[in-house]
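Welcome! Please take a look at the sequence and the structure below, and then we can walk through them together.

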Amino acid sequence: MLWGLLVGSLDRSVSVFSTEKGKFTGERLCPGGDGAFCGLGVSIVTAVESGLVRVWGDFGVTPPQFQPLQELQAGPGLCRMRQDPTRPHLVGTGGKENGLKVWDLQRPQEPLFRAKNVRNDWLDLRVPVWERDLQFLPGSQRVVTCTGHGQVRLYDPSTPQRRPVLDAAVGEAPLTALALIPGDTSVVVGSARGDVAVIDLRKGRVLRALKGFAGGVRGLQCHPRLPLVASVGLDRFLRVHQLRDGRLRDKVYLKSRLTCVLLSTHLDWEEPPPQKEVKDEEGDELWDALESVPTPRKAKKRKISGV
Amino acid sequence: MKTSSGIENLISYGPVPGDGAGPPAPERVLFPPTFSVSEIKNKQRRHFMFLRWKQQQRKEKLALKKKRRKEREALGDKAPPKAVPKTIENQRVYDETTVDPNDEEVAFDEATDEFAPYFNRQTVPKILITTSDRPRGRTVRFCEQLATVIPNSHVYYRRGLALKRIIPQCIARDFTDLIVINEDRKIPNGLVLSHLPDGPTAHFRMSSVRLRKEIKRKGKEPTEHVPEVILNNFTTRLGHSIGRMFAALFPHNPQFIGRQVATFHNQRDYIFFRFHRYIFKSEKKVGIQELGPRFTLKLRSLQKGTFDSKFGEYEWIHKRREMDRSRRKFHL
């Protein structure tokens, strides 16, 4: 059993980086479909831009028998696939002209929830759909997404309403990153122009804007306990902001254009990891994985910041 | 002048003569302690006092300078070295993204970025120059002159076509770069430089455009020889990328016979473009003639991917309120 970080590359190989040993411990090629990876999940679920979502087993199996256990077609133009951390058999997918769909991996024919587009706008024109990023809200079945047209939408599959429960417009630039703030009522979104805002999900208002970004934001992550958010972007900096007053706490220059950031759940680096985490390896594969960017690069480097 | 006679009486420059027993008067001035020249209500008197004060300051400064020079001469060899005057370039805030020439990560980054095919000599630059819609005479002439400066470039008239439609056609015809000169009120004021297959797009504000006939002491027309390229002072990572963009406009092998050189000089975030012809008169003396247009550019944004103002992702945008807070911080 391997635990660590899943790294997806442009050449369609998925590697596991073990944080204990500090190096890559396994690598497998996951072919099928076209385009770069847009989502990775534990017990190795991969999704590519052409819409093919495949479930592979663990990396213990050698290549000739490494076949997909399950596969489903989520529609072309996929931008993001995410797995619900509390229920790993549920995945959500969204893309360009490809609305939100929540799938159960055991039933690949039909999605559990297929979102409906909002009503026509004030000119009676169809509102275009472009789901860039999505997150499952813990504690309920709700899904929050951010779109390439600058909207933040909240869907609730438990209600019969297939249209978004909340549709908030945030600026005009495409929103490229989304992170949940622990506490369940607000999210942080980052745009392609470097405008990062904290949105309240109850009313859809902008609570606070975080300043200091020079380029598009690609990855955001909030700390589970402290009111901090880490962000990375195309301007090659990692920034940590305080959520309460929006102040920039730290800024680190990392020399490549960054695409993803993860915060470690080990809060105290001096302490050894508690014993039950080592035994409970199934439950610990809750690490999100990294997606590759369609730039002419081979492998990505991702940075962990433990705060 | 009959001004401020009352105030003159107040100023004393030393103890009152003959008054040895009393308390010593203050050295300079008997004004009440919070008086300043700006509190005089009468403008003429105030101006007069201010001029007097200025003259005094100047005298003191000259006296100080003279004293220092005398001391320096007196010390001779042992005099401390002259202090370097502070300039904005000296006082520049150190930018942590400054590129170290030996940095491996940056070298790897540059070996795999969008300009790698050019720097590996796999592509030959082919430039398309166009303008915004309906250009006026000055812009048209500027484009023609720019086409003589950049080898292998073609000028096309923009017939109101959308850039997003032009770009796939350019890629199909093997163009490597697209330059769009934006015009406002009959003068060119913006430049969009887009590297074509999927490369970054830089948007500049252009100012101080001088056409060939407006340049004094210019040489003859530039010839068809490939010029050399000089890129000065692009130190930060962003500056490096922009410098590479400019370098990718020109073919690799300059023809030294032509003795022509194009210079992109970055100073304080402004990029100055000049085009010269040089001649070596002797080992140490060089004569230069300026040919060709000259202009100044300031970077507004660098976008990853080709021109897409609506949905593009930006690598760097100039945000005036956040980035222009300090006069000593530069980004290129």
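**A pocket and a helix pair**

The second largest pocket has a volume of about 660 Å³. A pocket here is an open set of points on a 1 Å grid over the protein atoms alone, where a 1.4 Å probe fits, with protein on both sides within 12 Å along at least five of seven lines. This is a predicted model, where local features need pLDDT of at least 70 and side-chain atom pairs pLDDT 80 or more. Residues are numbered from 1 along each chain, and chains are lettered from A.

In all, 29 residues line the second largest pocket, and Ala214(A), Phe237(A), Arg239(A), Lys251(A) and His331(B) lie nearest its centre; lining residues have an atom within 4 Å of a point.

Now turn to chain B, where the axes of helix α3 (residues 104–111) and α7(B) come within 13 Å and cross at roughly 30°. That makes the two helices, α3(B) and α7(B), roughly parallel (angles under 35 degrees). Val106(B), Asp109(B) and Glu110(B) of α3(B) meet Arg237(B), His240(B) and Arg244(B) of α7(B) in this contact (heavy atoms within 4.5 Å).

Terms used: Side-chain values use heavy atoms; hydrogens and water are left out. Grid points are joined across faces, edges and corners, and a volume is the space filled by probe spheres set on the points. Axes are lines fitted to C-alpha atoms, for helices over the stretch in contact, and angles run from 0 to 180 degrees between N-to-C directions. Helices (H or I, at least four residues) and strands (E, at least two) are DSSP runs, numbered from the N terminus. Angles under 35 degrees count as roughly parallel, over 145 as roughly antiparallel, 65 to 115 as roughly perpendicular and the rest as oblique.
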